[in-house]
Structures are given as structure tokens and as C-alpha cells.
Amino acid sequence: MKKIILLCAFMFSIIMNAQPPSQTDLRDGSVSGRVMDASLNEPLPYVNVIIKSSSNETITGGITKDDGTFEIKKIPEGKVTVSIQYIGFKTISKAIEIGNKSYDINLGDILLEEDVASLDEVTVVAEVSTIQQKVDRKVITIGKDLTTAGASASDIMNNLPSVNVDQQTGNISLRGNENVRVMVDGKLSNVPVAQLLKQIPSSSIKQIELITNPSAKYNPEGMSGIINIILHKNTNIGFNGNVNLGLTKEIYAKFNGSVDVNYRNGKFNLYGNYGNNTGKYDNFGTIERLDDNSVQGFNFFNNNKSHLYKVGLDFYMNDNNTISFFTNQNIYDGKATGLTTVEYVDEPLQYQLFDNVADNISSQYNAVYNHKFKKEGEKLDVEVDYNVFEQNEDSNFSFVNFSFPPNYQDFVDTERDQTTINVDYVNPLSEKAKLEFGGEARLFDTKIDYSSTGLSVNENQDNIPNNGDEYIPTPQTDFDYKRDIYSLYATYGKTFEKWSYQVGLRAESVMEDANAVRTLENSTDIVPFENDYFQVYPSVFVTYNPSEKNSYQVSYSRRVDRPGLQQVNPIREWSTPLISSFGNTELQPQFTNSMEANYTRKLEKGSITAGVFYRIVEDEINRAVFIDRLDVNKNILTYDNFDNTTAFGLELSGNMRPTKWWNFNASFDLYSRKQKGIAEVLTVPTEVATADDIIRQTVEADNVVYNFRMFNNFSVTKKLNLSIFGMYRGREEGLQFNRKPMFMVNTGLRYSFMEDQRATFSFNYSDIFNTMKFEFEGDRPTPQVGQFNWESNAWNIGFSYRFGGNKYRALQRKNRDDNEASGGGGFM
């Protein structure tokens with residue numbers, strides 16, 4: 001079609017040029033001038049000069065030279081508008097007329113003034129964090145108060161409404177559910193979430209979006225929703241950046257630092273980031289089994305190093321076309337040692353010792369093309385994202401006072417890549433109606449190779465083994481998993497008077513193909529798995545704004561939570577003498593129908609948001625503990641699909657400034673969850689039990705959980721701020737065990753100094769009463785109590801420095817020259 005149009009245009013031009021000249025032919029004109037910085041009186045190069053018709057359509061344009069001058073030729077006769085546009089400065093528009101004996105117009109010097117509001121939006125970090133309820137998400141803008149709460153994204157997550165972080169595993173949950181997707185700048189990463197959150201400095205976070213009921217435009221994954229971390233992207237004029245350093249310690253020291261730099265000039269914006277986390281971590285705990293009076297003790301030590309590099313480039317081709325590219329390189333090196341003890345009454349203490357070395361690298365490459373059409377708001381985005389992850393892991397296990405197993409080594413190599421292609425189109429049909437549609441392809445492929453020098457139980461034996469003849473070398477296992485998803489979506493929204501609504505539909509076709517290949521000597525056992533399905537995910541949002549101070553919103557969406565790689569991986573994830581963790585290759589996806597209603601009230605000194613939600617979960621995925629059929633003294637920790645469950649709850653959050661020196665944000669959430677599932681128990685004591693003595697029971701857990709958190713910020717002076725944070729997590733009942741209540745109190749301070757408060761020193765003392773611990777009790781599959789501890793009672797110091805500025809180096813030269821000119825030459 002494009003070639004046909006060009007051919008027609010070419011033929012038309014030949015015909016027109018073949019005609020004799022006419023006295024009425026229109027002449028072309030030109031516009032020239034020079035663009036200057038109003039405050040510096042310096043020329044501005046690479047400024048966009050756009051020529052628009054009386055109907056606001058772009059005719060032609062150009063950019064200023066190094067000396068700020070420009071000349072735009074071949075402007076058709078008639079009335080036009082000259083628009084001078086530059087990021088960080090106010091746009092100037094001048095109406096002129098080509099003709100009436102004036103075909104070459106010189107506008108002279110055009111002075112551009114800084115757009116302070118625009119610059120503040122990009123660069124200035126607010127003192128106080130704010131919470132805003134939007135149509136399909138809750139947006140928390142991270143202020144300086146929350147960055148004092150900790151050094152990394154993981155540290156500040158517990159400060160957010162409805163969000164909790166398991167400090168031992170690093171797993172994150174939303175509304176009490178760990179089936180949540182975490183994205184950075186709208187992109188999923190192959191980096192494990194717990195590792196990723198610890199690598200992102202809190203000072204690099206601009207906003208965090210809690211999308212508890214996403215529209216059809218978003219991937220439908222994540223039962224409880226999506227957490228999207230938006231990082232600062234500096235687009236200030238000239239060269240600028242910031243440096244952040246931090247130290248955290250309770251038992252061991254942990255260091256973190258980051259450097260962000262940016263250069264923006266004319267059509268290009270080049271930016272880079274380097275961040276690192278280096279530290280040692282200590283975790284310990286116990287599990288006491290009440291049936292045989294045995295006690296397991298755990299003591300784990302980790303020495304981790306991670307480095308995160310990011311480089312990006314934005315190319316502003318013209319007003320309507322932009323190309324962006326960035327790459328992330330994430331390098332991780334982890335070393336772990338551990339001691340697990342098992343103590344029985346009147347028996348020698350048993351030990352399992354292990355050391356583990358794991359290093360991985362994740363490489364992400366992202367390219368985006370953005371096109372703006374002539375119609376205001378109409379645009380097309382095309383994005384390609386490619387992510388590669390490679391990890392090598394070696395583990396050594398040794399045993400003392402165990403008859404089995406002997407010492408052994410495990411080797412696990414992982415390779416996975418993910419390609420995502422997105423096409424999104426937005427068309428404002430009118431001032432009050434908007435249509436969006438697009439498509440996406442997500443191609444995911446992973447390969448995991450496992451080998452071991454150890455022994456495994458011969459599963460062909462009819463009885464439980466009791467001597468070395470029953471064991472065989474551990475088979476080598478290769479697990480290949482591939483999942484391709486193709487989807488189309490469309491949403492339509494309209495506003496009329498005080499009402500607005502948005503309806504959407506997303507259709508997805510999913511193809512899953514997996515093979516677990518177990519090889520032992522000359523025999524090979526292949527366990528295939530296929531699961532292809534098609535699903536439709538609708539969404540509906542309705543809002544009502546009776547006044548500027550009141551807003552109501554209701555929504556519905558259907559979502560899916562597909563099993564994660566570790567949940568389906570049949571290769572042993574970890575092992576202790578009495579517990580081993582495996583994935584379940586036959587795990588099915590779970591589907592959720594979610595409904596929400598929210599109310600926001602703006603007050604004179606803040607705002608309050610209240611909401612309720614209800615969801616129905618089909619084939620819920622959850623942790624399951626089963627008795628090992630080959631040794632009833634051991635348990636297998638895995639995943640399984642349970643019966644349908646329901647959950648409902650309410651949330652209340654707000655931010656207030658009662659006085660000029662005190663502001664706070666607080667949240668309370670309560671949810672009720674009903675679960676059904678299968679649990680296993682032994683009918684006789686373990687010392688005489690066999691596999692035939694295991695029975696399965698249908699169990700229910702119906703409980704109400706509530707959480708409360710409050711963050712206070714006190715402005716002592718313009719430069720000094722103090723903060724105090726408190727959190728309480730109520731008791732939670734599960735199918736396997738019940739978690740006891742948890743609470744903690746953190747304190748901190750922040751002091752800003754130097755010119756324009758470019759430097760900031762912060763100090764934070766977390767869990768000052770040393771109360772954070774994971775305590776639990778349960779009866780399935782055996783009666784047990786236990787607790788796990790980590791380095792929660794820690795202090796952190798941080799330093800940040802912002803360099804560069806909003807203007808050209810010419811400003812720095814001007815300031816320097818002014819200072820020299822005003823110097824008196826004496827002491828004063």
C-alpha cells in the first residue's frame with residue numbers, strides 16, 4: 001500500500017510539473033530566528049521548531065544549530081503557527097502569515113523560560129510519601145521519608161498497605177497471598193524476586209503501583225495482583241546524577257551503593273546506572289516434633305554479592321517519533337553454608353553440614369518505538385524485550401551420625417530465556433471516549449540439568465528400605481520446560497458528567513510442554529507433560545465523582561496464576577535430614593474472579609481511602625506437606641492444587657499532615673480466607689509405621705487475618721527529619737500450620753546539607769525491640785512447633801549526593817565568573 005501511495009504521488013507531481021505556470025501559483029516562504037535561554041542569555045542548540053497549519057496539523061519543522069539559530073524553508077503561503085518546544089522549558093507559539101509581500105520572516109531572538117513545574121515533576125523527591133487511588137491501581141509516590149526506612153526495595157515493602165515481605169525467604173505477598181507478580185518499570189524479570197528486591201536501592205524508586213485488580217490490558221497473571229516498581233528516569237538538561245552509599249549491620253555488615261548518571265541534550269537522552277549489594281546474612285531456627293520429641297536446629301550463613309548495570313538511550317527523532325533502548329546486566333555471586341542438627345532423646349546428636357556456591361547472570365535487552373499521530377492522544381507503541389538467565393550451582397552435603405545418606409555433591413545448571421513482543425494502540429475517539437487494543441507474544445524456555453554423586457532410594461522396592469542394598473546412584477535429571485502465550489486485548493472507556501467506565505476483554509492461548517528425563521546408567525525414564533488451554537479474561541471498571549473531594553470506584557476482573565518454574569521443577573530444590581522440597585510437574589493453573597469497591601475522600605490536610613474486595617479462587621495453588629512413602633520419618637514439601645477457595649476483606653489507608661512538623665500515613669487491612677485441601681497423617685507412631693499407615697484427610701482453614709502499619713515523619717528543622725514506623729501482623733491459620741502474630745518498631749532520621757541540600761545523611765534502626773520472628777505451630781502431617789529468626793534488629797546508615805543540575809554547563813560557567821567578578825580579594 002505504501003508503495004502504491006508513493007507511486008501515485010510521484011505521478012501526480014509529474015503531471016503538475018507538466019502544466020504551464022500560472023499567475024495564481026502560491027509561493028513558499030521561510031522563517032528564521034535565534035532561540036535563547038531567558039535566564040542565562042545563552043543560545044540553546046537542538047531546540048525543536050515546528051510549523052503547524054491553522055488546523056493544528058504539522059507542516060514542517062527543524063532544530064536549532066549550535067549557536068541557537070534556525071531557518072525553516074518551503075513554508076506554504078498562508079497563516080501558520082511557529083511552535084518552539086524544548087524539554088524543561090515552556091513552549092512558545094507565534095502566529096505568522098506567509099504572504100502579503102512578506103515571505104521571509106525573521107522572528108529575531110526568542111527567549112525560552114524554564115518550566116519549573118515540569119522539572120520538579122522529574123527531579124524533585126517529595127518530603128512525604130503519598131497514596132493515591134486511581135481507577136485500577138493504588139499509587140504510592142515514594143518520598144524521602146520512606147527511603148529512610150531501609151536501603152533496598154525489600155526494606156520498604158513492609159511499609160506499604162497490604163504488602164508483606166517474608167524476611168527469611170524474601171517472598172512477597174499482597175493481601176496475604178504470595179501469588180503476586182513483581183515488575184520493574186512494567187517489565188517482568190528472570191531474576192528471582194527476592195534477589196531482585198534486595199538489589200534495587202530504595203533511593204532509585206519513584207513510585208510503587210499496587211494493581212490489585214488489573215484491567216484486560218495487563219497480563220492476567222498474579223492472583224492477588226501486580227506490584228510495579230517505577231524507577232526514577234532523569235531527563236534533566238545537561239549532565240547530572242546522584243550517588244548513594246549504605247551500610248547495614250546487626251551480626252554481619254552489608255554494603256550497598258548506586259550511581260545514576262544522565263546526559264540530556266537535544267534529540268538524545270543517555271543514562272546509566274550501577275548498583276551493588278554485598279553482605280553476609282545469618283538465619284537460624286528450630287522445629288520441634290511433639291510426636292517423637294525430636295528437635296531440628298537450623299543455622300544458615302550466606303555471603304552474597306550482586307551487581308546491577310543499566311544503560312539506556314532515548315532518541316527523539318521528532319515530535320511524533322521516539323526510539324528507546326536499554327539493557328540491564330545483573331550479576332550475582334552467592335555462597336552459603338549451613339548446619340542442620342537432629343536431636344532424639346537418648347541418641348547421639350546428628351549433623352548435616354552443607355555449603356553451596358551459586359552464581360548467575362541475567363541479561364535484559366529492551367527496545368521501544370513510540371509514534372504519535374496527528375490526533376491529540378492517538379499513539380502506537382511497539383516493544384521487544386529479550387531476557388536471558390544463566391546459573392550454575394554446586395552443593396556439598398556431609399553427615400555425622402547418620403546411617404544414610406553418605407556424603408554427596410549436587411550440581412545444577414540452569415538456562416532460560418524469555419522473549420516478549422508487545423503492540424499497543426490508543427485512539428481517543430472523542431474528548432470523553434478512548435479505545436485501546438493490542439497484542440502480545442510471550443515465549444519462555446528453560447533447561448535445568450541436575451546431577452549428583454549421592455544415592456537414592458530404589459523406588460521399585462516393595463517395602464521401606466533398611467540396608468544399603470536398597471539404594472541406587474541418584475539418576476541424572478534434565479528438565480526442559482517451554483511455555484508460549486499469545487494474547488489479544490481491547491478496552492473501551494468513556495466519561496460523561498460525573499461518571500466514567502472502562503470495559504475490557506483479553507483472550508489468551510497458552511501452550512505448555514515439559515519433559516523430565518531421568519537417566520541411570522543405560523536406562524532412561526521420560527516423564528512428559530503437556531497443557532494447552534484457551535481462556536478469556538474480562539474486566540469492568542466504573543467510577544463516580546460527585547465532587548472534587550469524593551470518589552467512588554467498583555471493578556471486576558478475571559485472572560490466572562500459572563505455576564512458576566520452581567513450582568513445577570521436579571528436581572530437588574533443597575534438603576535437610578527430615579524435609580526435602582520438590583516441584584510438581586502436573587500442577588495446574590488457578591483462576592480467580594475478583595471484585596473490588598473503593599472510596600476516596602480528600603480532606604483539608606490529607607486523604608483517606610477505604611475499600612472492600614471479594615474473590616473466588618479455582619484450583620488454588622498452595623504449599624503441601626506429604627509424608628515420604630519411602631521413609632515415613634521424612635516429609636516432602638511441594639505444591640499442589642487444592643479445592644476452590646474464597647476470600648474477602650477490607651482495607652483502610654490514608655495520609656495526613658496534622659501540623660507543619662508532623663505527617664503520617666497509616667493503613668489497616670483485614671481479610672477472611674477459607675481454604676480446603678488434602679493433608680496426610682500417620683495412624684501409628686513413626687517408629688513402627690509403614691506407607692500403609694498413611695491416610696489422607698480433607699481439612700479446612702477458615703480464618704480472619706488483620707494487619708496494621710503506621711509511618712510517622714517529624715520535621716525538626718528544614719534539614720532534619722525524624723521517623724518512626726510500627727507494624728503488626730495478626731495470627732494466620734493455614735492448612736499445614738498456623739503462624740503466630742508478629743510486630744516490630746523502626747526508627748530513623750534524615751539530615752540534608754550542602755548547597756541546595758544536595759547531600760543527605762540517614763540513619764535507621766529497625767526492629768528496635770527485637771520482636772520479629774516467624775513462629776508457628778501445626779498438627780499436619782505431624783504435631784510440631786517452631787520458629788525462624790533473621791537479622792531484623794539492625795541499624796543502617798546511608799549517604800546520598802546529587803550532582804549536576806537542570807541547566808547547561810553555561811550556567812556553571814556563569815556562576816563561576818560571577819563569583820570571581822564579585823570577589824573583593826580580602827578575607828571578607
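Me: How many helices and strands does the protein have?

Reply: This predicted model has seven helices and 47 strands.

Me: How much of the protein is buried, and what makes a residue count as buried?

Reply: Buried residues make up 48% of the 828 residues. A residue is called buried because its relative accessible area is under 20%. The protein exposes about 40200 Å², and carbon and sulfur atoms supply 54% of that area.

Me: What share of the contacts joins residues at least 24 apart?

Reply: The share is 65%, taken among contacts between residues at least 6 apart in sequence.

Me: Why is Pro781 called buried?

Reply: Pro781 has 5% relative accessibility, and the cut-off for buried is under 20%, so Pro781 counts as buried.

Me: Where does Pro781 lie, and which residues does it touch?

Reply: Pro781 lies in the loop between strand E45 (774-778) and strand E46 (784-790). Not counting residues up to four places away in sequence, Pro781 touches Val625, Ile627, Asn635, Glu680, Val681 and Leu682. One of these, Asn635, is 146 residues from Pro781 along the chain, while their C-alpha atoms are separated by 8.1 Å.

Me: How do you know whether Asn593 is buried or exposed?

Reply: The relative accessibility of Asn593 is 14%. Buried means under 20% and exposed means over 50%, so Asn593 counts as buried. Asn593 is found in strand E33 (residues 590-603).

Me: What makes the pair Asn593 and Glu618 a polar contact?

Reply: The two side chains make a polar contact at 3.5 Å, and the cut-off is a pair of N or O atoms within 3.5 Å. Glu618 is also among the residues in contact with Asn593 once neighbours within four places in sequence are left aside; the others are Tyr556, Ser557, Arg558, Tyr614, Arg615 and Ile616.

Me: Why is Asn427 called buried?

Reply: Asn427 has a relative accessible area of 13%, and under 20% is the condition, so Asn427 is buried. The place of Asn427 is in strand E23 (residues 408-428).

Me: Which side chains make polar contacts with the side chain of Asn427?

Reply: A polar contact of 3.0 Å joins Asn427 to Lys375, and another of 3.3 Å joins Asn427 to Tyr425. Beyond its neighbours within four places in sequence, Asn427 is in contact with Lys375, Glu378, Lys434 and Leu435.

Me: Why is Lys74 called exposed?

Reply: The relative accessible area of Lys74 is 67%, and exposed means over 50%, so Lys74 is exposed. Lys74 lies in strand E5 (residues 69-76). Its phi is near 55 degrees, a positive value in a residue other than glycine.

Me: How do you know that Glu497 is exposed?

Reply: Glu497 has 75% relative accessibility; the condition is over 50%, so Glu497 counts as exposed. Glu497 is found in the loop between strand E27 (476-496) and strand E28 (499-520). Although Glu497 is not a glycine, it has a positive phi of about 50 degrees.

Me: Why is Leu313 called partly exposed?

Reply: Leu313 has a relative accessible area of 34%. Buried means under 20%, exposed means over 50%, and partly exposed is in between, so Leu313 is partly exposed. The place of Leu313 is in strand E19.

Me: Which residues form a nonpolar patch on the surface?

Reply: The patch is formed by Phe239, Val259, Val261, Tyr263, Phe268, Leu270, Val311 and Leu313, with about 630 Å² of accessible area together. Strand E17 (253-265), strand E18 (268-289) and strand E19 (294-316) each supply at least two of its residues. The largest share, three residues, comes from E17.

Me: Which residues have the most contacts inside the largest nonpolar core?

Reply: They are Met157, Ile172, Ile205, Ile208, Ile227 and Ile229, in a core of 22 residues. Among the elements that give two or more residues to this core are helix H4 (153-157), helix H5 (193-199) and strand E14 (205-211). Apart from this core lies another, of 20 residues, among them Val31, Val35, Val47 and Ile98.

Me: Which residues is Met157 in contact with, leaving aside its neighbours within four places in sequence?

Reply: Met157 is in contact with Val163, Val165, Ile172, Leu197, Ile208, Ile227 and Ile229. In soluble globular proteins, nonpolar side chains tend to be buried together.

Key: Residues numbered from 1 in each chain as written. Predicted model: local features only at pLDDT ≥ 70, side-chain atom pairs only at ≥ 80, totals over all residues. Heavy atoms only, no water. Core = buried A, V, L, I, M, F, W, Y, C linked by side-chain atoms within 4.5 Å. Buried < 20%, exposed > 50% of the residue type's maximum accessible area, 1.4 Å probe, protein only. Helix = DSSP H or I, 4+ residues; strand = E, 2+ residues; numbered from the N terminus. Contact = heavy atoms within 4.5 Å. Polar contact = N/O pair within 3.5 Å; in protein donor to acceptor, adjacent residues only side chain to side chain. Areas by Shrake-Rupley, 256 points an atom, 1.4 Å probe, with all protein chains shown as cover. Patch = residues over 30% accessible without salt bridge, like charges linked within 9 Å, V, L, I, M, F, W, Y side chains within 5 Å. Salt bridge = Lys/Arg side-chain N within 4 Å of Asp/Glu carboxyl O.
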